[in-house]
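Subject: Structure for your review

Dear colleague,

Please find below the structure that I am handing over to you.

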Amino acid sequence: MENSRRQFIKKSAIGAAGITIGGLGMSAKSYGNIMGANDKVRVGILGFSNRFKGSLGKAFLKYADEMNFEFFTVCDIWNRRRDEGQAWYKETTGGKLDTARNTDELWGQKPDAVILSTADFQHALLTAEAVRAGADVYCEKPFAETMDDANEGLKAVKETGKVITIGSQRRSGPNYHAAHDYIQSGKFGNIIAVEMTWNVNQPGRWRLPHLTSQIKESDTDWKRYLMNRPYEPWDARKYLEYRLFWPYSSGIPGQWMAHQIDTVHWFSHLPHPRSAVANGGIYMWKDGRTNFDTMTAVFDYGPLDNMDEGFQVIYSSRQNNSSGGTKEWYFSNGGKLDLDTNKVNSDGGLRENHAKAMGMKPFLLEDFELPQMKVETDADTGSDPLTNAHMKNWMECVRKGDPKTNAPVEAGYSHSIANIMVTAALRTGQRATFDEKTKQVMAGGKVFKY
């Protein structure tokens with residue numbers, strides 16, 4: 001048993017650190033053996049966001065020279081962001097970027113690929129534009145905030161076969177790969193419950209008062225920004241602080257829950273919840289926002305054709321007290337898998353005396369630790385290790401023309417269904433489900449839109 005456990009951990013660590021997350025051990029020479037490796041991949045920056053500047057751009061540049069990729073243009077409908085993008089690139093690399101005022105101009109520049117980090121509600125629609133223009137896409141999460149957008153994005157990717165990765169970095173973590181393999185091996189037992197939290201105490205989260213006081217409608221393109229959302233007059237807060245306002249963002253579900261609920265789909269191989277109920281409110285930060293600062297959702301998961309099997313997921317989040325922090329706990333009858341500590345143990349498992357009294361065989365998990373992400377110590381570490389690995393996996397798949405990235409479009413589609421079910425439950429007070437035929441989220445017997 002001990003040898004088998006050690007072999008499992010070793011195998012998971014090797015798989016996650018090597019082949020599974022994009023062959024982190026491959027040398028620059030290895031890329032020369034891949035067809036097309038001598039062709040430079042020209043990448044456009046679609047949305048010069050704080051997320052791009054602080055993380056995605058750094059991760060890309062860490063591997064760009066080695067893998068023969070380059071940034072060549074920055075597209076943003078706000079002139080200030082275009083200027084900032086050019087200044088960032090010059091300061092970081094000494095190079096020069098072209099600009100595009102909108103996606104019409106961007107597609108005219110014929111990018112091979114784009115890194116997309118615009119407002120939440122735009123992701124799926126811009127992904128559809130990009131792949132139809134011939135570009136591969138690194139798309140930040142959430143993939144979509146409505147099913148119409150999710151369906152359009154998925155359809156376009158499937159039709160074109162382009163290489164897409166969703167910015168769910170956990171899918172490039174050795175500990176998460178090991179957890180997936182462990183659960184799928186059957187050694188953990190059936191999942192019976194999952195508990196997830198994401199708590200902060202940040203009054204300024206998603207607020208940008210300095211920028212909102214400076215931006216003018218004439219500096220950007222408000223109608224292009226709205227895309228398919230109902231028209232309303234210019235609002236600087238909804239442009240820059242969009243995460244606080246529906247229907248531009250769902251807030252907590254799209255920003256935070258999307259990361260954690262994605263692991264449920266991945267580990268269980270289930271495409272979406274069977275149902276969701278949720279409640280919440282704006283209990284503290286009464287600053288004009290329409291998205292809740294506190295919420296709890298309860299999901300029912302299981303085979304879609306067998307209601308006798310399944311498990312419950314409880315997700316809670318608040319922005320007004322950080323106690324409890326973040327957690328991802330998976331439970332079986334034999335114990336617990338903790339993705340905060342990366343430990344598996346028999347906590348809460350059925351004890352021998354209780355099992356014996358019921359005429360059952362006890363099932364207790366052995367204690368062990370999941371493999372960790374190796375921290376990089378070279379001079380140019382790029383972004384955080386998870387984002388580095390995730391970006392490199394996408395770049396390798398783009399180079400090979402392989403759509404099987406660590407986080408393919410189906411992952412984004414699945415987390416979007418869960419997010420939209422929660423949004424529907426929060427905004428209607430009704431139990432939400434997903435209609436497999438119409439590919440729509442239903443609440444109170446009606447299709448949920450806005």
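The notes below set out what was found, element by element.

This is a predicted model, in which local features need pLDDT of at least 70 and side-chain atom pairs count only at pLDDT 80 or more, while totals for chains, interfaces and linings use all residues. Residues are numbered from 1 along each chain as its sequence is written, and side-chain values use heavy atoms, with hydrogens and water left out.

The parallel sheet

Helices and strands are named as DSSP runs, numbered from the N terminus (helices: H or I, at least four residues; strands: E, at least two). An open sheet is built from six strands with parallel pairing, in the order β3-β2-β1-β4-β5-β6; two strands are said to pair if DSSP finds at least two bridges between them. The edges are taken by β3 (98-100) and β6 (164-166), each of which has a single partner strand, so one side of each is left without a neighbour in the sheet. From one strand to the next, the twist averages 25°. Axes here are lines fitted to C-alpha atoms, for helices over the stretch in contact, and angles run from 0 to 180 degrees between N-to-C directions.

Within this sheet, six bridges link strand β1 (residues 41-46) to strand β2 (residues 69-75) in the parallel sense. L46 has C75 of β2 opposite to it.

Helices on the sheet

Helix α3 (residues 50-67) packs on the sheet and touches β1, β2, β4 (113-116) and β5 (136-139), with its direction at about 145° to that of β2. Contact means heavy atoms within 4.5 Å. Helix α4 (residues 79-93) lies across β1, β2 and β3, and runs at about 155° to β2.

The 18 residues of α3 should span 26 Å at 1.5 Å a residue, and the 25 Å between its end C-alpha atoms agrees with this. The expected span is 1.5 Å times one less than the number of residues. A kink of about 40° in α3 is centred on L56; the bend at a residue is the angle between axes fitted to the seven residues ending there and the seven starting there. Residues of α3 that are buried include F52, L56, F60, Y63 and M67. Buried means under 20% relative accessible area, exposed over 50%, and partly exposed in between (1.4 Å probe, protein chains only). Just after α3, N68 has a positive phi of about 65°.

G429 follows α15 and has a positive phi, near 75°.

Strand β15 (residues 432-435) and strand β16 (residues 440-443) run antiparallel and are joined by four bridges. D435 stands opposite Q440 of β16.

E241 and its surroundings

E241 is located in the loop between α11 (236-240) and α12 (252-268). With 1% relative accessibility, E241 counts as buried. Its side chain makes a polar contact of 3.2 Å with that of R207. A polar contact is a pair of N or O atoms within 3.5 Å; within protein, one must be able to donate a hydrogen and the other to accept it, and residues adjacent in sequence count only if both atoms are side-chain atoms. Leaving aside residues up to four places away in sequence, E241 touches W206, R207, L208, P209, T212 and A236.

W206 lies in the loop between β7 (193-199) and α9 (209-212). W206 is buried, with a relative accessible area of 12%, and its phi is positive, near 70°, in a residue other than glycine.

Cis peptide bonds

The peptide bond from K141 to P142 is cis, with omega near 0°; P142 is placed in the loop between β5 and α7 (147-160). The bond from W246 to P247 is also cis, with omega near 10°, and P247 belongs to the loop between α11 and α12.

With kind regards
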